[in-house]
Amino acid sequence: MASNVTKVVNSVSLSRPKFRYLSAWFCPFAHRATIALEHHHSRVDYEWVEALGWEQREDKNNVTGTGQEWWYHWKADELKRANPSALVPTLIPVDPDTGKSDEARAVYESLVTIDFVDNISGARGKDRLVPEDPYEAARCRIWADKVNRDLCSPYYGVLVRKEDSERKEHFQSIIKGLDAFSKELTKTPGPLFLAHGQLSNVDIALIPWAFRYYVFEHYRGDDFVISRPRYPELEPYFDWYDHVMELDAVKRTLPDKEKYLKHIGKYADSSARSKVANAVRRGVAAHELDDEKDEY
């Protein structure tokens, strides 16, 4: 009997987890899950499904002030069934034997998906994105949340808010957050958040937005440039940035800069109608969006 159990366990262990990955090429929240999946690409299989996009609807009163039509998200039926908020990223497990997906067991929320992919991958040691040490794991979860609030949400304030003073306030929030992040980076040998070059959920929480900060100069001008000469106190952050952008799991996931620049223009001219954009227009942070209040 024991040998039969061993055979079953071994059979299961040889079957890699597989998912239908409901995503959107432009979404930085989904980008987090993509990096986690690519980091564990030898341990987890996934099928990319473009489940969120844009469609134009008439702006009868020219509220955008640009003469452009409103841009609204369209959402795949599968996404609306699997995720109550109908947001990406959403991971739907696929039975390796039958090939059938189980929408009732879908996993979503970007920071949650990083942890989930890491756990289900079976990775150990430095390959983990959440450290095995419980204290370091706790520190990472605290900082992943802090990064989300202080370095990601204000990105949308810079783009969506209409008053220059408001945009600068959100931008300064980012600079303040990067200063705190830089100081935390110096607590380990670097250049990553964890010691010994171990990629973590904290790094992945920030990478999609750090990559996208370049859009500020195009849409908001030179005062919104984040550079070494202007902010020398952020040297640990810039060293971190240069390192993560050369990681294979990151390079494979980066969107085309010109294509993304055109996409994010919908936020910069207020023609985008998404839950994130609506929340920021309503005066709250992007991470405080409300499914009912910010529906469109």
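Biologist: What is the relative accessible area of Lys-80?

Modeller: This is a predicted model. In it, Lys-80 has a relative accessible area of 47%, so Lys-80 is classed as partly exposed.

Biologist: With which residue does Lys-80 form a salt bridge?

Modeller: The partner is Asp-77, and the closest N and O atoms are 3.5 Å apart. Asp-77 is exposed, at 52%. Both residues belong to helix α3 (residues 77–82), where being 3 residues apart puts about one helical turn between them.

Biologist: And Glu-184 and Arg-139: buried or exposed?

Modeller: Both Glu-184 and Arg-139 are buried. They form a salt bridge with a closest N and O separation of 2.8 Å. This pair links distant parts of the chain, since Glu-184 lies in helix α6 (residues 164–185) and Arg-139 in helix α5 (residues 134–160), 45 residues apart. Glu-184 and Arg-139 also belong to a salt-bridge network with Glu-136 and Lys-187.

Biologist: Changing topic, why is helix α2 described as largely enclosed?

Modeller: Of its 12 residues, 12 are buried, so the rest of the structure largely encloses α2. Among them are Arg-32 and Glu-38.

Biologist: Lastly, in what order do the strands of the open sheet run?

Modeller: The order is β3-β4-β7, with mixed pairing. The edge strands are β3 (52–57) and β7 (272–273). Strand β4 (residues 70–75) pairs with β7 in the parallel sense over 2 bridges, and Trp-71 has Ala-272 of β7 as its bridge partner.

Biologist: Which helix lies across those strands?

Modeller: Helix α11 (residues 257–268) lies across β3, β4 and β7, at about 55 degrees to β3.

Definitions and conventions
Residues numbered from 1 in each chain as written. Predicted model: local features only at pLDDT ≥ 70, side-chain atom pairs only at ≥ 80, totals over all residues. Heavy atoms only, no water. Pairing = 2+ DSSP bridges. Helix = DSSP H or I, 4+ residues; strand = E, 2+ residues; numbered from the N terminus. Contact = heavy atoms within 4.5 Å. Axes fitted to C-alpha atoms, helices over the stretch in contact; angles between N-to-C directions. Buried < 20%, exposed > 50% of the residue type's maximum accessible area, 1.4 Å probe, protein only. Salt bridge = Lys/Arg side-chain N within 4 Å of Asp/Glu carboxyl O.
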